[in-house]
Amino acid sequence: MIEKVLIANRGEIALRVLRACRELGIATVAVHSTADETAMHVRLADESVCIGPPPASESYLNIPAILAACEITGADAVHPGYGFLSENARFAEILEEHEITFIGPSAEHIRMMGDKIVAKQTAAELGIPVVPGSDGAVETLEDARRIAEEMGYPVLIKATAGGGGRGMKVARSAEELDNAYLTARSESQAAFGNDEVYIEKYLDRPRHIEVQVLGDGQGNAIHLGERDCSLQRRHQKVWEEAPSPTLNAEQRAEIGEIVANAVARLGYSGVGTVEFLYEDGKFYFIEMNTRLQVEHPVTEQITGLDLVQEQIRVASGAPLQYRQEDIRFAGHAIEVRINAEDPQTFAPSPGKVDTVHTPGGLGVRVDSAIYGGYVIPPYYDSLIGKLIVYGKTRTECLMRLRRALGEYVISGVKTTIPLFERLLKEPAIQDGLYDIHWLEEWLEANREE
Ligand code: ADP
């Protein structure tokens, strides 16, 4: 059994993990950089250890310091949250070598899915539909030209090591190809230290729909339905909901079953997300994330499961406690990401938060680690909270979201709250009729001078 979890993260997700541990009666250790001494996760954890200076590379990504913190506190497991070390296969391996449980899948599965070409080949072999594209890496410009020509434009050049939408370039015609190919390679080299790229058919107006899975590494896996994350800015999700406004129960069961079977065959352990683009009624695999996602709460709201507690259970060796038929989907949930950013320009807005008033009431959940007087450090991601609303129907959710946004007060820094208030007035949002490009186009058309 796991007795003490070190949470190798910060912000709202550190708090989220801490809450799950506390309910299970598991002790918690927070780690923090010198910039996070007064952070909420540090205040609420049973113990805390400073692991380095502000830059993440010297603190939250500092494996020796995190190992030392496990040693000092006697933590027998590590929860990596999302981002930072959550998809670092080497980290999972090192923990295993030290007989510390990594709350996540095996190093082998992290590595497999971290290489996008291997991930795509594996998905295809397991019967998951994938985006048409090159078989593996495209090594030369000549090959890139030939493959793009055969596939037909537009095409997308993607980094094998990619993440966060970086190292991705569209070529709409042969004229654009050389530049797109070379830029994708150099961007990828700069961002990931690896310039390998591959080519995919560029889907024009898809939605982003992802399937949540849970496996126990003992051959059992279930799906927990989908999330629609089509509202994106620069390939970053802004608003996520479950279920997708476009899928019906039959389509959900069909794709869910394909994915759950694939994950069971892999022997995958823990939570994972299989991401698809969805166009004209068809799913196209793009990647699998081998960790908890930012947007996991919407799935929790409609299934009633605590995904972090499930992660902890399977990491401690327990078999899945649910079969697929035990999972019931009820209601609708929407999450909006509250970032400390200018809602027009999206420029980061760190600094001191004067007051915080968090909305409440029926069907409202706020996952956030800020408080009045807290100073948002400039070193990390600008996500400062997630507002999640739940209702019987999507319409009820939208009404509730409007009400909750109206109650939410965060003063002293700029936030994206006003963006969501504006978005709620749009017919496309009301009707759920948007694809992955909708938000960028709307922002372009509605720029306030
Ligand atoms: P990352 O790991 O960098 O997030 P993904 O493969 O998950 O990369 O893609 C991120 C986003 O980029 C998707 O949500 C989608 O908006 C866009 N995208 C990826 N592949 C394609 C494609 N073949 N056609 C159109 N858009 C794509």
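Reply: Start with Lys158, which is buried at a relative accessible area of 6%. Buried means under 20% relative accessible area, exposed over 50%, and partly exposed in between, with a 1.4 Å probe and protein chains only. Glu200 is buried too, at 2% relative accessibility. Lys158 and Glu200 form a salt bridge, with their closest N and O atoms 3.2 Å apart. The term means a side-chain nitrogen of Lys or Arg within 4 Å of a carboxyl oxygen of Asp or Glu. Lys158 lies in strand S6 (residues 155-163) and Glu200 in strand S8 (residues 197-201), so the pair ties together parts 42 residues apart in sequence. Helices (H or I, at least four residues) and strands (E, at least two) are DSSP runs, numbered from the N terminus.

This is a predicted model: local features need pLDDT of at least 70, side-chain atom pairs count only at pLDDT 80 or more, and totals for chains, interfaces and linings use all residues. Residues are numbered from 1 along each chain as its sequence is written, and side-chain values use heavy atoms, leaving out hydrogens and water.

By the salt-bridge rule, the count is 40. One of them joins Lys116 to Glu287, with the closest N and O atoms 3.6 Å apart. Lys116 sits in helix H6 (residues 116-125) and Glu287 in strand S13 (residues 282-289), 171 residues apart. Both Lys116 and Glu287 are buried.

Lys237 pairs with Glu210 in another salt bridge, at 3.0 Å between the closest N and O atoms. Lys237 is in strand S11 (residues 236-242) and Glu210 in strand S9 (residues 207-216), 27 residues apart. Lys237 and Glu210 are both buried. Lys237 and Glu210 also belong to a salt-bridge network with Arg227, Glu240, Glu275, Glu295 and Arg337.
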